[in-house]
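Subject: Structure handover and notes

Hello,

Please find the structure below. My notes on it follow.

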Amino acid sequence: MKSVSAAWRRRIVAGILLLLAALWLLDRIFPPPLPSGDDGFIVLARDGSPLRAWPGSDGAWRYPVAPAEVSPRYIEALLGYEDRWFRWHPGVNPASLARAAWQWATTGRIVSGGSTLTMQVARILEPVPRTPAGKLRQIVRALQLEWRLSKDDILTLYLNHAPMGGIVEGVEMASRAYLGKPSRDLSHAEAALLATLPRAPSRLRPDRAAQAAQTARDRVLARLEHFGIWSPAVVADARIEPVIAQKLQGAWLAPLAAERLRSRTRKASTAGLTRVASTLDRELQTTVERLLADRASVLPPRVSIAALVIDTATLEVRAYAGSADFSDNARGAHVDMVRGVRSPGSTLKPFLYAMALDDGLIHSESLLIDAPQAFGGYQPGNFQADFSGPVSVSEALQRSLNVPAVDLLDQIGPARFAARLRDAGIPPRIATGEQPNLSLILGGAGVTLEELVGGYRALAAGGLAGKPRLTPEAPVEETRLMSEGAAWIVRDILEGGGHPDRPFVEGGGTAPLAWKTGTSFGFRDAWAVGVSGRYALGVWLGRPDGTPNPGFFGANVAAPLLKDIAAALPRDALPPRDRPATVQPVDICWPLGTAAAETPAPLCHRRRAAWSLAGAVPPTRPDRIDGSSLRQTVWLEPASGLRTVPGCGHGQPRDTARWPTLLQPWLDGWLPADQRIPDWQPGCAPTGGTSAATLRIVGLSDASRLRPAPHQRHVSLQLAVRGAQGPVYWLLDGQRVVPDAGGKLLLNEAGAHRLTVMDEGGRHHSVRFTVDAPPGI
């Protein structure tokens, strides 16, 4: 008998093992249809709210969450209403199934389904008919799920795939879509509402059938009170809360930034990842998009706008708008101009001046020359087509004067400047096979808005440029673009002129804006970039196809929008603005550029307050026409006060400071006579005379008086010059003018005028004349 019993036991064990093996094999041959990973994609703001979502392959919208991210109230309501024994049963509840079967047998219809939460997940993943065969298949699938997954995994599947009405699935998407809040913040009433919604998602949608949804919610509350899951007081309070839901609407904030993250995620082959966190600030992003849409409404068709805001402390992107209006295809809605390579115009100038400061070439008030000049055949002009003569570094940068910038780049070297930009993450794109040249500083290369804003970040981060970060896990990439002191000086210039004697006032919680504009050749691109408080920001405006927009330039279209965005920036924590120890105030003298304390009073024609870097006070560089020292000894005839040479008359020596030759046309009337070098005593000039004496305006004499011809309101002036070498430049009252093809210039303004001609050798001649008003004026 013992041997027989042992044989039966072996047979039973073998049978059980064979059954288990068969079940295991069937499970592998017919696995449950678990989600494939293509459940959609969602990009989140830094607070976790959705910015833009893409549906899954089945067309449903989901926001994946884990049980720990959902309010415990919802978990209590769900399990208390649907499956109180979820944590204990193996996927099916025999008692519930027996009760459901008895009700069906006695009434002839399904009264209660007897489904566990696991069985509901099985039906969600693989819909089956509500028949005994369908129920049996559902039970098998539930057992497979319990075999393969943990209870939390099964609960997670339900949280993310439960039908919530229309194309909405999952508690998180339903909570945000209907209630406008994350599921972690659900009230008791809201938790009960979302717990019952999957029972009849179409019939109970709170945005369409609020009363039916409230009735169903109250049944859940009653059940939770009956089983003691929630107290009567909690349930009573929850019943008072009305069902109010917002209409379903797509999330389309930061659409191009979201598309960029989606594309990057796909390239990284993270197929199972369905949500990506960004660094974007939802409130600021909303404000920026509204500002861009408002501005676009008054712009011509096909003109788009891009804007970027980053936190200079972390390099995290706070607002990202790649186009003006994502719904307007005529404006290139899907073209991301944050990453578009375009000509930067003059926006690179702050980096050039910072490099010159670090090289010890300039201080903030160094004397620069804004006058017609030729640089190896390259003849830049200013945007306003006029010239100002003597200007300081601060004035040249603030007013974005072109000639001083080109002059400075010529000293530093275009290739070296381009290399500095490239190393700092602002690579200038130039034509294949070409080398950087002087046009680089006026927009003769291509950069992106993202790179520019990352570069301007250096002005607020001690000279460190950086790559903007769109996700929290992105690495911090910083590169030294300029010294801390140079960054401070350039920012101070862009904020308020850079004068040490100007009191710095920062009050009312508003940070000043240090900004620079740029306009590319042909009005194709208008820029405004800057820093304010702890933020760096930039705006680009133009047509994505590169078509010109005449009359659109940085100052009149991009700068106002930049200021509006700056005004909307958070101001709760402004960073300190301590002046670096390497930056010190110093009084300097023009034209020598040396410290006032070391300059004799007669040689200090103009005293100016400047910022010096690392104690350097570099003198004014000699001009290109006359490379001799600006500090000279001249001989003057005591009786006449005219200039002479030793041995000619009774000349006496005098130390003096001369101004660069190219600035001479601006000194008359601007510099007192006792500070100018006098003309030569007749008969005492050096052999050959002065170079300026060989250049003369002809046809117009000093003190001439001109009046319009009868029935005319203007004077037609024929411009002619004698003794010029190379091209000539005409200045009327200090502003450059260009005669027509016949050499004529029309004058419409009555009054006193000064006409100056200059050639490329720096020689010049001026005459003064008066234009009378037309009769009857």
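A disulfide here is a pair of cysteine sulfur atoms within 2.5 Å. The model is predicted, so local features need pLDDT of at least 70 and side-chain atom pairs count only at pLDDT 80 or more, while totals for chains, interfaces and linings use all residues. Residues are numbered from 1 along each chain as its sequence is written, and side-chain values use heavy atoms, with hydrogens and water left out.

Disulfides

The structure holds two disulfides. With the bonded cysteines of the chain numbered in sequence order, they pair 1-2, 3-4.

One of them links Cys-589 and Cys-604, with an S to S distance of 2.0 Å. The angle about this S-S bond is -85 degrees, and the link is left-handed. Cys-589 sits in strand S13 (residues 583-590) and Cys-604 in the loop between S13 and strand S14 (606-613), so the bond ties together parts that are 15 residues apart in sequence. For these labels, helices (H or I, at least four residues) and strands (E, at least two) are DSSP runs, numbered from the N terminus. Cys-589 is buried at a relative accessible area of 1%, and Cys-604 is buried at 16%. Buried means under 20% relative accessible area, exposed over 50%, and partly exposed in between, with a 1.4 Å probe and protein chains only.

Cys-648 and Cys-684 also form a disulfide, with sulfur atoms 1.8 Å apart. The torsion about their S-S bond is about -65 degrees, so this disulfide is left-handed. Cys-648 lies in the loop between S16 and S17, and Cys-684 in the loop between helix H20 (664-667) and strand S18 (696-698); the pair therefore ties together parts that are 36 residues apart in sequence. Cys-648 counts as buried at 18% relative accessibility, and Cys-684 counts as buried at 7%.

The sheet with S16 and S17

S16 and S17 belong to an open sheet of three strands, in the order S16-S15-S17, with antiparallel pairing. Strand S16 (643-644) and strand S17 (652-657) are the edge strands, each pairing on one side only. Two strands pair if DSSP finds at least two bridges between them. Strand S15 (residues 631-636) and S17 pair in the antiparallel sense over six bridges. Arg-631 has Ala-657 in S17 as its bridge partner.

Helix H15

How many of the 11 residues of helix H15 are buried? Nine are, and the helix, which spans residues 402-412, is mostly covered. Among the buried residues of H15 are Val-403, Val-406, Leu-408, Leu-409 and Ile-412, and also the polar Asn-402 and Asp-407. The buried residues of H15 pack against helix H13 (349-358), strand S6 (367-370), strand S7 (389-392), helix H14 (393-398) and helix H16 (414-423). Contact means heavy atoms within 4.5 Å. Gly-413 follows H15 and has a positive phi, near 105 degrees.

His-161

His-161 is found in helix H6 (residues 151-161). This residue is buried, with a relative accessible area of 8%. Leaving aside residues up to four places away in sequence, His-161 touches Pro-35, Asp-39, Arg-62, Ile-124, Glu-169 and Gly-170. With Arg-62, the side chain of His-161 makes a polar contact of 3.3 Å. A polar contact is a pair of N or O atoms within 3.5 Å; within protein, one must be able to donate a hydrogen and the other to accept it, and residues adjacent in sequence count only if both atoms are side-chain atoms.

Regards
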